[in-house]
Amino acid sequence: NLGPNRGDSFLRDGQISDFACPLDQGAFPPELVLTQGDLSRVTGIRVYANTGPLSAEFLFADPITYSIEGRLGSNDDWELISEGPFNEVWFNGMITGPPPARNTFGEPIDSSYLEGDTTKSFGFATFENTVVYRDYRVIFPRLRRSPPIPDPQPIQYIQFIIAELELPGVLISVAPSINTQQGPTSAPSVSFQPSKH
């Protein structure tokens, strides 16, 4: 699956299946716009390692920093929610520590609101967020080896590949409108439910 313009069915399908954006498609830094019908409050991000071999070409395709923005409607401005590096072990892979392992294509991901699938290789970040949005824009400003770089490298090394993207948080369900002629209700107007991703 090449690039966000081809849809995100491989990006958020609950299993290990690569989603790629090669540099020659002009998608750098990689920017993904995720629209959904329900309101939610995102409190983290997870990116699962691609399924390529443990080689520089596929390791260099890992994002190591992120930026998440949100908006309520398609005509609203994007608002920054969080930005920064992924966890230290993921960020420092190939620098001060071993490279992150690769995942196996087709395996299901068993994650929850609280944690990613511990049988898989993934980078993560958690953050405070009290604001609810409907749409999210995720940007990956820096890959494990991003241009500009001090030494030349083959162009095929400059690509973005992840196996899955998760934005853990809380889904917000809004109750149907209340007819005030019938009097008040004891039910809350908004309920909070943890989302799986």
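## Strands, cores and aromatic rings

Strand E3, which covers residues 44–48, is paired with E9 in the antiparallel sense over three bridges. Two strands count as paired if DSSP finds at least two bridges between them. The structure is a predicted model, in which local features need pLDDT of at least 70, side-chain atom pairs count only at pLDDT 80 or more, and totals for chains, interfaces and linings use all residues. Residues are numbered from 1 along each chain as its sequence is written, and side-chain values use heavy atoms, with hydrogens and water left out.

**Overall make-up**

- The protein has two helices and eleven strands. Helices (H or I, at least four residues) and strands (E, at least two) are DSSP runs, numbered from the N terminus.
- From the N terminus on, the order of the elements is β-β-β-α-β-β-α-β-β-β-β-β-β.
- Of the 197 residues in the protein, 45% are buried. Buried means under 20% relative accessible area, exposed means over 50%, and partly exposed lies in between (1.4 Å probe, protein chains only).
- Among contacts in the protein with a separation of 6 or more, 76% join residues 24 or more positions apart. Contact means heavy atoms within 4.5 Å.

**The three-stranded sheet**

- Strands of a sheet pair through backbone hydrogen bonds, either parallel or antiparallel.
- An open sheet of three strands has the order E6-E3-E9, and its pairing is antiparallel.
- Strand E6 (122–126) and strand E9 (164–166) stand at the edges with a single partner strand each, so one side of each has no neighbour in the sheet.
- From one strand to the next, the twist averages 10°. Axes are lines fitted to C-alpha atoms, for helices over the stretch in contact, and angles run from 0 to 180 degrees between N-to-C directions.
- Val-47 has Leu-165 in E9 as its bridge partner.

**Strand E4 and its partners**

- E4 pairs with strand E5 (residues 79–85) in the antiparallel sense over six bridges, and Ser-67 stands opposite Glu-83 in E5.
- E4 also pairs with E7 in the antiparallel sense, over five bridges. The bridge partner of Glu-69 in E7 is Arg-137.
- In a regular strand the side chains alternate between the two faces of the sheet.
- Both faces of E4 are covered: Thr-65, Ser-67, Glu-69 and Arg-71 are buried on one side, and Tyr-66, Ile-68 and Gly-70 are buried on the other.

**Nonpolar cores**

- The largest nonpolar core has 26 residues, and those with the most contacts inside it are Ile-45, Ile-68, Phe-140, Leu-165 and Leu-167. Such a core is a set of buried Ala, Val, Leu, Ile, Met, Phe, Trp, Tyr and Cys residues joined through side-chain atoms within 4.5 Å.
- At least two residues of this core come from each of strand E1 (19–22), strand E2 (31–42), E3, strand E4 (65–71), strand E7 (133–139) and strand E8 (159–162).
- Apart from this core lies another, of five residues, including Ile-16, Tyr-48, Phe-122 and Ala-163.
- Beyond its neighbours within four places in sequence, Ile-68 has contacts that include Ile-45, Leu-80, Phe-127, Val-138 and Leu-167.

**The surroundings of Ala-49**

- Ala-49 is found in the loop between E3 and helix H1 (56–59), and Ala-49 is buried, with a relative accessible area of 0%.
- The C-alpha atoms of Ala-49 and Ile-162 are separated by 5.4 Å, although the two residues are 113 residues apart along the chain.
- With neighbours within four places in sequence left aside, the contacts of Ala-49 include Trp-90, Asn-103, Phe-122 and Ala-163.

**Aromatic rings**

- There are seven aromatic pairs. Rings of Phe, Tyr and Trp (its six-membered ring) pair if their centres lie within 6.5 Å; planes under 30 degrees apart count as stacked, over 60 as edge-to-face and the rest as tilted.
- The rings of Tyr-66 and Phe-86 have centres 5.4 Å apart and planes at 45°, so the pair is tilted. Tyr-66 lies in strand E4 and Phe-86 in the loop between E5 and helix H2 (88–91), 20 residues apart.
- The rings of Tyr-133 and Tyr-136 have centres 6.1 Å apart and planes at 75°, so this pair is edge-to-face. Tyr-133 and Tyr-136 are both buried.
- One aromatic cluster is formed by Tyr-66, Phe-86, Phe-127, Phe-140 and Phe-160.
- The charged end of Arg-144 sits over the ring of Trp-90, 5.2 Å from its centre. This description applies if NZ of Lys or CZ of Arg is within 6 Å of the ring centre and within 35 degrees of the ring normal.
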